[in-house]
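Please have the sequence and the structure at hand while reading.

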Amino acid sequence: MFVDSHAHLEMPQFDADRDAMLARAYEAGVETVVAIGSGTGPGSLDCAIQLANREKTGEPRIFATVGIHPHEAKLATDADFGELSALARNPKVIAWGEIGLDYFYDHSPREVQRAVFLKQLELAHAAKLPVVIHCRPSADSQNAWDECLGILAQQWASSGLGGVLHCFTGLMEQARRALDLGFMISFAGNVTFPKAQNIRDAAREVPLDRIFIETDSPFLAPVPHRGKRNEPAFVPGVARSIGELRGIVAEEVGIQTAQNVRRFFRLPPASNAEPPIPAPSRGVAG
Ligand SMILES: [Zn+2]
Ligand SMILES: [Zn+2]
């Protein structure tokens, strides 16, 4: 009944026990994981598709994204953009991302981040895919939020494709602006961090039918696992935290946010839900 809407399953932290890690997630009630495909940038842009394609039998439980993270924006070439557009046609790919602006780490120059973000919005529009947005401002600043939401309002909202603000860390005001642009808001384990009152405020206020939950594995393990490796089996903990804030049980948060992901990305229903609708294009891949 839970969907982890954002996990980096290909990362080396999972090399030793990837299958067991996924089995633990399914055991914990996680029905679907969105594998984020930004990898380590050019050279690994198909990493999430490869993981999704490892499933040979049964209902697909892993879906993929493609995109270049703002950290690696400085590495992006025209050849990479061409590769991304080709990969985006793979039936396992449900979104373009994660893309956006990161002015906290500034691993790429800001003007390069902006240019690569704009370029990928253009490509995602052509591919008719929603976007997964990563946005992190400088410390004690709203700079990246103002720019990112401005770009989305001017360059993206009219596409009607929408997207998700992943690992939301902003203020309710910014969540509201994104909701007005048709975006979903995804909350991660940092909702439990002591200093994150602004995230808890937003997690209480954003309408439940506009929320996703995610782990951002292997990063951002929630309390009490903080500081250790995160994994999709912990996403029910995010549901529990949001449920506590809203006075509802974790299962209700899980079921509603799982429905939100399926509706938003037009995924086939989970195998344990209603009678399965045949989805030939999402079937077994080679
Ligand atoms: Zn991110
Ligand atoms: Zn991520």
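A salt bridge is taken here as a side-chain nitrogen of Lys or Arg within 4 Å of a carboxyl oxygen of Asp or Glu. In this predicted model, Glu98 is buried and yet has no salt bridge, for the nearest side chain of opposite charge, that of Arg136, is 10 Å away.

What, then, coordinates the zinc ion (ligand 1)? Its donors are Glu98 through OE, His134 through ND1 and His166 through NE2, at 2.0 to 2.1 Å, and in sequence these donor residues follow the spacing E-x35-H-x31-H. Glu98 also coordinates the zinc ion (ligand 2), which is 3.5 Å from the zinc ion (ligand 1). The pair of Glu98 and His166 links distant parts of the chain, since Glu98 belongs to strand S4 (residues 93-102), whereas His166, 68 residues apart from it, is in the loop between strand S6 (163-165) and helix H6 (172-180). Both of these residues are buried.

| Side-chain pair | Polar contact |
|---|---|
| Glu98 and His8 | 3.0 Å |
| Glu98 and His166 | 2.9 Å |

Leaving aside residues up to four places away in sequence, Glu98 touches a set of residues that includes the histidines His6, His8, His69, His134 and His166, together with Ile36, Ile68 and Val132, as well as Ser38 and Pro70.

Terms used:
Residues are numbered from 1 along each chain as its sequence is written. Chains are lettered from A and ligands numbered from 1 in the order in which they are written. This is a predicted model: local features need pLDDT of at least 70, side-chain atom pairs count only at pLDDT 80 or more; totals for chains, interfaces and linings use all residues. Side-chain values use heavy atoms; hydrogens and water are left out. Donors are N, O and S atoms within 2.8 Å of the metal (3.2 Å for Na, K and Ca); water is not among the atoms, so sites may look incomplete. Helices (H or I, at least four residues) and strands (E, at least two) are DSSP runs, numbered from the N terminus. Buried means under 20% relative accessible area, exposed over 50%, partly exposed in between (1.4 Å probe, protein chains only). Lys and Arg count as positive and Asp and Glu as negative; His and the chain ends are not counted. A polar contact is a pair of N or O atoms within 3.5 Å; within protein, one must be able to donate a hydrogen and the other to accept it, and residues adjacent in sequence count only if both atoms are side-chain atoms. Contact means heavy atoms within 4.5 Å.
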